[in-house]
Amino acid sequence: MSVETEEKRKIIFLVEDNKADVRLIQEALKNSSLPHEVMTVRDGIEAMAFLRREGEYSSAPRPDLILLDLNLPKKDGREVLAEIKTDSKLKRIPVIVLTTSHNEDDIFHSYDLHVNCYITKSRNISQLFKIVQRIEDFWLETVTLPSEQ
Amino acid sequence: MLIDSKLDSLDLTSLKEPVINLRSQIQHHGILLVLQEPELKILQVSRNAALALDISIENLLETSLEDLLDPYQIGRIQARLAEDSLDFINPTKIWVKKRREDYIVFDALFHRNSEGILILELEPAISEDNIPFLSFYHLAKASINQLQESANLQDYCQIIVETVRKVTEFDRVMLYKFNEDGHGCVLAEDKLESMESYLGLNFPESDIPKPARKMFLSNLIRLIPDTQSEPVEIFPPLNPITERPIDLINSTLRSPFPCHVEYLHNMGVGASLTISLIKEGRLWGLIACHHQTPKFVSYELRKACEFLGRMIFGEIYTREETEDYNYRMKLTYIQTALVDYMSQEENFIRGLIKHQPNLLDLTSAQGAAICFSGNYTLIGETPKQEELNFLVTWLQKNVDEEIFYTNSLAEMYPDAENFKNIASGLLAIPIGKRNYVLWFRPEVIQTVNWGGNPNKAFEINQDSGDLRLCPRKSFELWKETVRLTSLPWEEVEIKAALELRKAIVNIVLRQAEELAQLAADLERSNAELKKFAYVASHDLQEPLNQVANYVQLLEMRYQNALDEDASEFIGYVVGGVSLMQTLIDDVLAYSKVDMQGIEFASISAEAALEKALNNLRRRITQTGAKITHDELPTVMADSTQLMQLFQNLIGNAIKFRTEKPPEIHIGVSRSEDEWMFSVSDNGIGIEPRFSDRIFVIFQRLHTRDEYPGTGMGLAICKKIALGHRGNIWVESQLGEGATFYFTIPVKGRERERRNGRKTQNHLFGRR
């Protein structure tokens, strides 16, 4: 069992409307040694459907980590965050807000909604890569999370 | 014994208002019968009836009118008494048959008193002829013709007294007008040459006390043919039906009050005839006829005089109204003009003083002041602003009405004596709680001629042990000099001021509404602008980041495949993007200055400076800058913004250094209202012609190669200083260092702005 668990690929769920940013994060994760799969949706409605396995996402896996942008079409990242953190089945999945905004109100508000951490995207690519790598290391390897059904 | 000095302390009102009408006495020249309707039984008689009618009182009281008059007369009287109005029966000639078969003829007057009791008054008819009506008519007509030619009120009044005297042949006829405070003034007089003149004299109110005036309103004409005659009692003294003394208020024969008789005696009057002049239900004045000896005037002649009085007075009234009307029209015109000017001018105060006619003309004042929002606008002769300040404070405390006026301000506000030559008269209209329009009139030293000392109009006689008022004995000219008094404010002027008040209140209200609207619009557009700046700069970041990231990714991945040119070009792209990012950051910071609102608190400027220096620590060490400062005070300001202000100014001082290590000093000094901070350096300095330009957003004096930066730093500083209601400026010469100054009011900004965070929260709703 334990061997299986170790071999199981980690699911990183990326909610990001900008294709370029999606690609950039994927690029950053390419260097990772950890077996993982990045699954992406482009708006808040789809994000919730995926997480709740609704419609076409009925067989969607449960993600191990959610990377969430704040400014999203249809349903805002802040609303998505609020819904995840009030849903008893989803609230223990670590959510990381990854955004360009360094507006103080955004930061306060996100933590009020129990975000696991708030990260401002760096403008410097090597730094951005470093950040993504660290997220992966920390949240997928270092941290012990409760096991869920 | 006279006790003048005690007069003031006595309650004169009770003494001034004797109960005149309950005296059941009549004058001796006629007889009075109280009758019971409908059988006309005699209930009470005046004691002189026995002699006049030659029947004993006892017999009279057992008879009815039918027993005295023949059936023809009785029939006629009863018919008339059945009618609503007694005007058709009065006067009636009746004749009473005496025992010796001769008749006496009387002028008979019927009236019912307040209790509805019928009273018959009989005066012996003097002549059986009617008054020569035609001659009277000619007189009246001649007078009226004269009246139409004469120009002023004075002449009118003179013609009236002359005519009345011609008709009645009294020794003296006066026309007497009551002023607002109740005293009377002789406007016109015609008299025997030998008599002393009363023309122009004033008589105190107490000469004709209130109850007496009431009587004059109900009895338009009043005759006292012999002031020396003894009054005649009514018998029995109590009315057998009401069991009270009979009310004789409308009786022509009623005895005058002893005090009045005494007054007439003191004046040397033997007979008097008084005609009331009524205007709008008020006693406007009297025509007073005096004779030195007893004199009887027949009923018809009295009626003729009353008629004359009424007719001619109608003319006076019209003339008076016309004079009033013309002035009122003029004021209405001025008022309309003022309202127009007020609405044309942006500031209504300008409208009141900058044009012709102006505020002064509205009330014929010599000076006026408008006290608005603590500022004074003065026109004409006015007290000093300092004095006005106290006066306005006094008005605030003491006046609640829409208008206040006095022609003797010093009487209630003693300090006014200091500016009596400018403002003995004050007319004030409050606009709201703290604003006033004031008009002033100077002192006019007036001499008022009194018929005797008005303060000694009555003396108190204590001879008999009880207090009794006696009229004064002297009616000689008594001059009173009136000081600390201005010309009075006319009723029309007061009305005009009130109208103006309404107009100003409307304008002020409208302006306040417009202002509130404007403020709301401004707030909305400001909020939108801030939101726009925030959203724009935020949204601009994303594509820029994208460009930056991918160019860098290119460089990273294909480093070996690119030649030198490609690397240089990529360098420019990265540089441009990075500058753009800094610019956007600064715009965001600029818009944030008031987006977050200034949070005023009492803060230590020293702490703000320390924080700024801490933020700049790296650059300070790198450049070896030497920074000194005065001891900084505690100020009312926003600590973050003050810190930013110091940081930007000191940062600039370091940035624009010469090859020498920078030396920077932060100083402070205080004036009455504000703190002035300074940041001086030994840097490259600024040409004075650029000293305004440097505070404008995006304005730079150097290329970025020389000095990096966005040109936002000082614009942000200026915004912070202005936001604190302070100012910022620079003093410098090129090459000689620069000193930046900024000020912060000691009391902070008076009105705390609404917290900007509220506006900001809308940003969260953004999709």
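Biologist: Which residue in β8(B) is the bridge partner of Val173(B)?

Modeller: Asp190(B) is its bridge partner. Bear in mind that this is a predicted model.

Biologist: What makes β7(B) and β8(B) count as paired strands?

Modeller: Two strands pair when DSSP finds at least two bridges between them. Seven bridges join β7(B), residues 172–178, to β8(B), so the pair passes that cut-off. The two strands run antiparallel. They also form a hairpin, with five residues between them. In that turn, Gly182(B) has a positive phi of about 105°.

Biologist: And how do you know that β8(B) pairs with β9(B)?

Modeller: Two bridges join β8(B) to β9(B), residues 202–203. The cut-off is at least two, so β9(B) qualifies as a partner. Here too the strands run antiparallel, and Cys185(B) has Asn202(B) as its bridge partner in β9(B).

Biologist: How do you know that the length of α7(B) agrees with what a helix should span?

Modeller: Take 1.5 Å a residue: the 16 residues of α7(B), 153–168, should span 22 Å. Among the buried residues of α7(B) are Tyr156(B), Ile160(B), Arg165(B) and Val167(B). Just after the helix, Glu169(B) takes a positive phi of about 60°.

Biologist: What makes α20(B) and α21(B) a packed pair, and which way do they cross?

Modeller: Packed helices are described by the angle between their axes and the distance between the axes. For α20(B), residues 639–655, and α21(B), residues 713–723, the angle is about 145° and the axes are 9 Å apart. The crossing is left-handed. Leu645(B) and Leu649(B) are among the α20(B) residues at the contact, and α21(B) brings residues including Ile716(B) and Ile720(B).

Biologist: How do the residues of that contact divide into nonpolar, polar and charged?

Modeller: Seven are nonpolar, six are polar and none is charged.

Biologist: How many residues does each chain put into the contact between A and B?

Modeller: Chain A gives 14 residues and chain B gives 16. On the chain A side, α2 (19–30), α5 (104–112) and α6 (125–142) each supply at least two, and α2(A) has the largest share, with three residues. The chain A side divides into four nonpolar, four polar and six charged residues.

Definitions and conventions. Residues are numbered from 1 along each chain as its sequence is written. Chains are lettered from A and ligands numbered from 1 in the order in which they are written. This is a predicted model: local features need pLDDT of at least 70, side-chain atom pairs count only at pLDDT 80 or more; totals for chains, interfaces and linings use all residues. Helices (H or I, at least four residues) and strands (E, at least two) are DSSP runs, numbered from the N terminus. Two residues are in contact if their C-beta atoms, placed from the backbone, lie within 7 Å. Ala, Val, Leu, Ile, Met, Phe, Trp, Tyr, Cys and Pro count as nonpolar, Asp, Glu, Lys and Arg as charged, and the others, Gly among them, as polar. The expected span of a helix is 1.5 Å times one less than its number of residues. A residue is buried if 20 or more other C-beta atoms lie within 10 Å of its own, exposed if 12 or fewer, and partly exposed in between; C-beta atoms are placed from the backbone. Axes are lines fitted to C-alpha atoms, for helices over the stretch in contact, and angles run from 0 to 180 degrees between N-to-C directions. A crossing is left-handed if the near helix is turned anticlockwise from the far one by less than a right angle, and right-handed if clockwise.
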